[in-house]
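This report describes one protein model for a reader who has not seen it before. Please look over the sequence and the structure first.

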Amino acid sequence: MSVWCGLAHAQQVPDTLEQRLAACAACHGKNGEGLKANEYYPRIAGKPAGYLFNQLVNFREHRRQSPAMNYIVAFLSDDYLRDIARHYAMQAPAFPPPQQQPSSEVRARGEALMKRGDAPRKIPACTACHGERLTGMAPAIPGLLGLEVNYIAAQMGAWRNGLRRAQAPDCMANIASRLEPGDIEALAAWLAIQPVKLPDPLPAGSLKLPMECGGT
């Protein structure tokens, strides 16, 4: 056997889903629980498979911007992305404890927007789409709990400033464009202190959405 053949044989990697997901686990954790190192990598475990698939497609099509994610999924097929989405949708690692309590004023502002919205500004309650317990709804509306406060604020800010987009009609971009920076701070702070009581998303069709969404 030649030296080249020997090296090629030694470098063979098993073609398993676990091996394919090694790049995901490096940032998001073995079971998609999320990691915080120099920066925060969000929890993806237990989110609806349709939502996770949409996000992978959004990264591939550069509707969402992250150099690492854009590169990793650049040439992956829809079928491959669906396999990844289904895998993480079935994971259920423990949630982190609630984070530091904000001031009562910030907490009240966040809770009001979350549960009642702001009708004069045409901002629906977050619970109208994400559910009373904020665990999302199948097939493609994500849960909002168990995420780091700065990550939540950054994503809302990205929606508001047009740096994060989704398939039209882009309902989250429309809603976020009506939020003030103080609204985003309050929503993120309130979400970050909520305990997780029911991690599973609602079944499809459980809620009648207040507006049409192309896919978050």
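At what angle do the axes of helix 7 and helix 11 cross? The axes of helix 7 (residues 104-116) and helix 11 (residues 181-192) cross at roughly 90° and come within 7 Å. Helix 7 and helix 11 are therefore roughly perpendicular to each other. On the side of helix 7, the residues in contact include Val-106, Gly-110, Leu-113 and Met-114; on the side of helix 11, they include Ala-186, Leu-187, Trp-190 and Leu-191. Sorted by class, this contact has 8 nonpolar, 6 charged and 2 polar residues.

## Confidence

The model is predicted. The protein has an average pLDDT of 90, and 94% of the residues score at least 70. Among its elements, helix 7 has the highest mean pLDDT (97), whereas helix 1 (residues 3-10) has the lowest (51).

## Nonpolar cores

The largest nonpolar core has 23 residues, and those touching the most other members are Met-114, Leu-134, Ile-152, Met-156, Leu-179, Leu-187 and Leu-191. Helix 7, helix 9 (149-160), helix 10 (171-176) and helix 11 each give two or more residues to this core. The most come from helix 11, which gives 5 residues.

With neighbours within four places in sequence left aside, Leu-191 is in contact with Met-114, Leu-134, Leu-144, Leu-145, Ile-152 and Met-156. A second, separate core has 16 residues, among them Tyr-51, Leu-52, Val-73 and Ile-84.

The peptide bond from Ala-138 to Pro-139 is cis, with omega near 5°. Pro-139 is in the loop between helix 8 (127-130) and helix 9. Another cis peptide bond joins Ala-168 and Pro-169, where omega is about -5°; Pro-169 is in the loop between helix 9 and helix 10.

Pro-169 is also in contact with Cys-213, a residue of the segment after helix 11. Cys-213 is in contact with Cys-171 as well. The C-alpha atoms of Cys-213 and Asp-170 are separated by 6.0 Å, although these residues are 43 residues apart along the chain. Cys-213 counts as partly exposed because its relative accessibility is 28%.

## Positive phi angles

His-62 is not a glycine, yet its phi is positive, at about 65°. His-62 lies in the loop between helix 4 (49-60) and helix 5 (67-72), and with 39% relative accessibility His-62 counts as partly exposed.

Lys-122, also a residue other than glycine, has a positive phi near 60°. Lys-122 is in the loop between helix 7 and helix 8. Its relative accessibility is 62%, so Lys-122 counts as exposed.

How values were computed:
Residues numbered from 1 in each chain as written. Predicted model: local features only at pLDDT ≥ 70, side-chain atom pairs only at ≥ 80, totals over all residues. Heavy atoms only, no water. Axes fitted to C-alpha atoms, helices over the stretch in contact; angles between N-to-C directions. Helix = DSSP H or I, 4+ residues; strand = E, 2+ residues; numbered from the N terminus. Parallel < 35°, antiparallel > 145°, perpendicular 65-115°, else oblique. Contact = heavy atoms within 4.5 Å. Nonpolar A, V, L, I, M, F, W, Y, C, P; charged D, E, K, R; others polar. Buried < 20%, exposed > 50% of the residue type's maximum accessible area, 1.4 Å probe, protein only. pLDDT = per-residue confidence, 0-100. Core = buried A, V, L, I, M, F, W, Y, C linked by side-chain atoms within 4.5 Å.
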